[in-house]
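Here is a friendly tour of one model, with a few helices as the stops along the way.

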Amino acid sequence: MLSWVQKRDTSENRTRLETPLQGPKQRCWFVWDPLGIIFAMATWALVLSAAWILVRDLLIPSNNIFYATANGVVFHLLASLALVSHLKSMLTDPGSVPLGNPPGPDTVLYCPLCLSAIPENADHCTVCRRCIRKNDHHCPWVNNCVGEDNQKYFLLFTLYIWLISTHVLLLLSIPVLRSHAQGEQNASSTVYPPKPIFFLLLVALMGFILALVMFCSQMCAIYRDKTTIEMLYQNKHSRGRRSMWANMKAICGPRVSLTWLSPFHAPERYKVSENHGMA
Ligand SMILES: [Zn+2]
Ligand SMILES: [Zn+2]
């Protein structure tokens with residue numbers, strides 16, 4: 001699909017390749033993919049319905065104002081962060097190469113579909129119909145590619161979904177375990193949860209497993225300095241000189257702070273030198 005047009009392998013250009021092209025960003029980014037839009041809407045519907053069932057069928061019936069308020073606040077705070085991260089993942093340009101991008105010092109490949117000269121770490125996405133820099137994969141849940149400019153938001157999305165799923169699973173399982181421990185139920189007794197609670201359990205289990213798998217695969221890709229696509233296809237090529245710490249800074253920002261956990265904060269572009277990236 002991609003044609004090799006030129007390759008400059010000087011150390012100067014290798015260093016420059018670590019720095020993303022600063023092309024003009026699109027103000028509005030949205031992928032018009034029907035399947036992706038359905039998946040993205042389903043994500044919101046599942047989180048909002050879980051929040052509604054949690055409050056209506058679990059927290060309010062507890063008749064414990066402190067228990068209900070504390071858990072309600074924690075869940076809704078984390079769920080809000082998850083949904084904002086989802087929106088930012090979906091509506092942020094993941095690092096698209098401009099259509100018809102002319103050859104330059106940073107470009108080493110040519111995409112005949114975009115008619116663009118592209119950097120070495122860019123890949124064409126057939127859903128977004130664009131070449132994306134450091135394209136990790138196209139995720140239907142956020143209806144967008146995960147690239148160098150929105151990977152922080154995607155990481156936070158998976159992290160907060162995993163946290164709210166774990167929270168719900170704990171809220172559902174602790175009372176059952178406690179009643180078993182107090183001898184109120186024995187091993188032969190059968191408990192049938194109401195349908196809404198059963199639905200909440202299924203949603204929490206699905207969120208827990210999917211988010212954990214996506215978060216771990218992202219962290220594994222960051223650790224190995226490869227994209228998920230490169231790991232799946234056993235791509236031997238690797239930029240390979242950056243440590244995991246340098247990769248985290250490239251994704252989340254140059255200074256470690258609470259802003260790493262905030263989907264409201266856009267990461268500053270981190271310029272990685274070869275020396276800095278040595279593990
Ligand atoms: Zn392309
Ligand atoms: Zn894509």
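## Annotated spans

Over residues 197–216, what percentage of the chain is helix, and how far apart are the end C-alpha atoms? The chain there is 100% helix and 0% strand, with the end C-alpha atoms 28 Å apart. Helices are DSSP runs of H or I with at least four residues, and strands are runs of E with at least two, numbered from the N terminus.

This is a predicted model, in which local features need pLDDT of at least 70, side-chain atom pairs count only at pLDDT 80 or more, and totals for chains, interfaces and linings use all residues. Residues are numbered from 1 along each chain as its sequence is written, while chains are lettered from A and ligands numbered from 1 in the order in which they are written.

The unreviewed UniProt entry annotates "transmembrane region" at residues 30–53, 65–84, 153–177 and 197–216; such annotations may be inferred rather than shown by experiment. Residues 65–84 are 100% helix and 0% strand, and their end C-alpha atoms lie 28 Å apart.

## H2 beside H3

Helix H2 (residues 34–59) and helix H3 (residues 65–91) have axes that come within 11 Å and cross at roughly 175°. That makes H2 roughly antiparallel to H3 (an angle over 145 degrees). Their contact (C-beta atoms, placed from the backbone, within 7 Å) includes Trp44 and Val47 of H2 and Phe75 and His76 of H3.

## Inside H2

Among the buried residues of H2 are Gly36, Ala40, Val47 and Leu58, where buried means 20 or more other C-beta atoms within 10 Å of a residue's own. Their cover includes H3, helix H4 (151–181) and helix H5 (195–224).

Key. Axes fitted to C-alpha atoms, helices over the stretch in contact; angles between N-to-C directions. Parallel < 35°, antiparallel > 145°, perpendicular 65-115°, else oblique. Contact = placed C-beta atoms within 7 Å. Buried ≥ 20, exposed ≤ 12 C-beta atoms within 10 Å, placed from the backbone.
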